[in-house]
Structure formats: structure tokens, C-alpha cells
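Open the model in your viewer and keep the sequence panel beside it. The stops below say what to select and what is there.

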Amino acid sequence: MEDLYQILGVPRDASQADIKKAYRQLVRQYHPDTHQGDAGAEEKFKKINAAYSVIGDPEKRARYDQFGSADGSNPFGGGFNGGFGDLFGDLFEQVFGGGGMGGGFGRRADPNAPRGGANLEMSLRVTLIEAANGTTRNLEIPNQDKCETCGGSGAKPGTKPKVCETCGGRGQVESMTRTPFGQFVSLNTCSRCGGTGKVIEEPCGTCGGQGKVRKIHKVEVKIPAGVETGTRLRVTGEGELGVNGGPKGDLFLVLDVARHEKFERDGGDLHTYLTLSYPQAVLGAAVEIETLIDGREKVGVPAGTEHGRVLKVKGKGMPRLRGARGRGDLYAHVLINIPTKLTDKQRTIIENLAKEMGDTVEPKEEGLFEKVKKLF
Ligand SMILES: [Zn+2]
Ligand SMILES: [Zn+2]
């Protein structure tokens with residue numbers, strides 16, 4: 001992944017004000033309005049914005065500093081759990097570079113060298129049951145294909161992109177800076193060609209000089225049993241197009257497993273509640289418990305089971321991901337059901353039980369509340 005500081009050309013310890021300054025300068029330099037039809041500049045412009053959306057925000061910047069290049073993190077911040085709808089709009093704007101993106105802009109040796117396309121990342125929400133059983137999803141991924149009209153060159157058929165005269169095809173220009181400490185030669189991205197080393201004089205009418213067109217790709221994705229929130233699935237070749245004949249990037253699906261109303265997951269284990277009546281808890285019972293994907297299971301409740309006791313149902317938790325052996329367990333947390341409505345017979349029995357146990361209880365004729373009311 002490309003370094004976001006490098007994209008904005010600022011050191012890692014730059015102040016927020018300096019970052020903002022650098023960003024404004026770059027935006028002026030690469031604004032699409034002044035680079036119509038220039039794919040390189042547009043790409044750079046997107047990256048600049050994407051980079052600034054992270055390190056321009058002190059909170060996201062801190063997160064990026066901490067996890068930045070770690071593959072598993074998403075430096076572009078939360079907000080990824082809303083399913084597809086809200087994601088698609090942002091997908092192309094928030095493209096971040098994959099491993100194959102090639103070196104930073106500053107020191108690229110050869111702008112004509114093949115470079116792999118950027119990886120894309122997208123979140124995919126599944127239910128807990130789908131995560132337990134595994135599932136297949138047919139996805140429609142907004143993607144890009146090489147423009148067939150121009151074969152990806154971006155130049156009108158019959159014409160070719162020309163070598164940029166400003167930089168001689170190197171994509172960079174040298175400039176001299178005079179400072180109190182002496183003269184410095186610095187390399188800057190060529191503003192004419194945006195660092196691509198090529199200039200398209202007559203852009204292709206189909207793709208407007210981009211060399212690529214947007215297209216929805218239909219992809220069938222197998223989601224293996226045992227996935228968790230944060231599990232990343234790679235869909236090979238569904239990332240961005242490569243540059244100069246480089247390979248396509250990959251698409252990473254970051255799974256988001258929805259909460260279940262009855263089962264809570266803890267790694268490979270599941271937790272649920274088991275409601276027992278007072279007699280069942282006192283005397284013990286064989287009861288049935290609902291499992292996530294195995295239907296109903298018989299569970300032996302020992303006599304004298306207390307409220308809050310946890311009963312273990314072995315092997316009825318989540319499957320482990322990718323062939324790892326065995327399954328987690330299901331833990332049932334006991335709740336003792338206290339009835340609020342009793343038949344006369346039930347009431348008599350419980351009153352007799354109370355007497356037998358020496359408990360004091362409210363007589364049924366006059367509840368506590370009635371008594372309290374009388375006091376006033
Ligand atoms: Zn084209
Ligand atoms: Zn140039």
C-alpha cells in the first residue's frame with residue numbers, strides 16, 4: 001500500500017497545517033478541470049483526496065499511523081458496515097493502493113514499466129447462520145475494463161499517445177531551489193503528463209482518454225463456514241486495471257457478521273439463554289434447547305440448577321474456518337422463569353410450599369401496594 005504521507009509529499013511528523021497546505025497545493029496542480037482527459041492526473045487527484053481524507057483528519061491519521069500499512073486495517077475509517085448501498089458510491093473514490101501499485105510517485109524510475117492495478121476493498125454483511133453454514137453470494141461489483149475502442153491506450157484509434165516533451169517520457173522534471181543553505185535539485189512529477197510520460201493529443205471518444213471504462217462485474221463468491229467479522233476474502237483479479245500491461249489488482253471482501261437476536265458469538269463458541277421453570281431447576285429435567293444450525297438438542301438439567309448457571313452443549317458452536325478441526329461449543333445461560341399469572345391451584349400449592357419452607361409471603365387478599373396506600 002502506498003504511503004499516504006508520500007502521496008501528499010509531507011514528512012510523517014508534519015503538522016496538520018502543513019498537511020493542509022500541501023494538499024491545497026496538490027489539488028491546484030492536479031485538478032481535473034485543468035487536466036481534461038489526462039488519466040494519470042485524474043488518478044493522482046483521486047489519490048491525493050483519498051490520502052487527505054485520512055491524514056487530514058487527526059483522528060484517522062492517528063489510526064493510520066498506528067495500523068497504516070497493516071493489511072487488515074481500513075485506514076479510511078469505519079462506516080463500512082452499511083451493506084452495499086452506501087458503499088458503491090464511495091468505492092471508486094476511496095480506492096487505496098494495493099501491494100502491486102508500484103513505488104511512490106516521487107522516485108519512480110520508469111513511468112512506462114508495467115504496474116499492477118490497485119486492490120479494492122468492500123465490506124460484505126452476512127448473517128450468523130450464513131457464517132456458520134457457509135454460503136454463496138452473487139455480487140455485482142462496480143469495476144473497470146480495458147476500453148475496447150482504443151485497446152487501453154486512451155488515444156483515438158489510428159493515433160498513439162506521444163512521448164511527453166516536457167519530461168522526455170520520464171514522468172519527472174528536475175527543478176532547482178535556491179535556499180539559504182544552498183541549491184537543491186528536486187525531482188517533481190511532470191505536470192504536463194501527470195507522471196505518465198505520455199501525452200494523449202486526441203483522446204479516444206469512448207473512454208475520454210482514460211483507456212478504461214466502468215463496468216459491472218458479476219461474480220459468484222463462496223463464503224466458507226466459520227467466517228468472522230473482519231475475515232478478508234480475496235477475489236483474484238477483481239481489483240483495478242493494471243498500468244502499462246501490469247496485472248489487475250484483487251478485490252478483498254471484508255466480512256461483517258450481523259448480530260443474532262438469540263445467539264451471541266465468542267470466537268468459536270456461542271452463548272444463548274435457556275429458560276427453566278422453578279420446579280425444573282429444583283428437581284432437574286431433560287429439556288430441549290434451540291441451537292443455531294443443528295435444530296433442537298436435548299440437554300440434561302441437573303437438580304438444583306441455579307439462576308445464571310451455564311450449561312455446556314459440546315460441539316454445537318461455530319464451525320472453524322477453513323478445515324480447522326472441530327466446532328466450538330454452545331453455552332446455555334439459565335434463566336429461571338417467574339410466572340406472573342397463576343391459577344388458583346398453582347397459587348395454593350406455592351403458598352403451601354412457602355409455609356413448608358418457613359417463608360413469609362404476602363397474603364393474596366391484600367397486596368403490599370394496597371397496604372401502603374392505606375397508610376396515607
Ligand atoms: Zn478508449
Ligand atoms: Zn511529462
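**Stop 1: a strand pair**

Select strand S14 and strand S15 (residues 330–337), which pair in the antiparallel sense over 4 bridges. Strands here are DSSP runs of E of at least two residues, and helices are runs of H or I of at least four, all numbered from the N terminus. Two strands pair if DSSP finds at least two bridges between them.

This is a predicted model, in which local features need pLDDT of at least 70 and side-chain atom pairs count only at pLDDT 80 or more, while totals for chains, interfaces and linings use all residues. Residues are numbered from 1 along each chain as its sequence is written, chains are lettered from A and ligands numbered from 1 in the order in which they are written, and side-chain values use heavy atoms, with hydrogens and water left out.

Now show the side chains of S14 (residues 310–313): Leu311 and Val313 form its covered face, Val310 and Lys312 its uncovered one. In a regular strand the side chains alternate between the two faces of the sheet. From Lys312, look across to Tyr331 in S15, which stands opposite.

**Stop 2: zinc ion (ligand 1)**

Select the zinc ion (ligand 1) and the SG atoms of Cys147, Cys150, Cys204 and Cys207, which coordinate the ion at 2.3 Å. Donors are N, O and S atoms within 2.8 Å of the metal (3.2 Å for Na, K and Ca); water is not among the atoms, so sites may look incomplete. The angles among the 4 donor atoms run from 104 to 117 degrees, and the site is tetrahedral (four donors with all angles between 85 and 135 degrees). Along the sequence, the donor residues follow the spacing C-x2-C-x53-C-x2-C.

Which of these cysteines are buried? Cys147 is, at a relative accessible area of 1%, as are Cys150 at 13% and Cys207 at 8%. Buried means under 20% relative accessible area, exposed over 50%, and partly exposed in between (1.4 Å probe, protein chains only).

**Stop 3**

Cys190 is buried at 0% relative accessibility, and Cys193 is buried at 0%.

Conventions
Four donors count as tetrahedral if all angles lie between 85 and 135 degrees; four count as square planar and six as octahedral if opposite donors are over 155 degrees apart and all others between 65 and 115; anything else is irregular.
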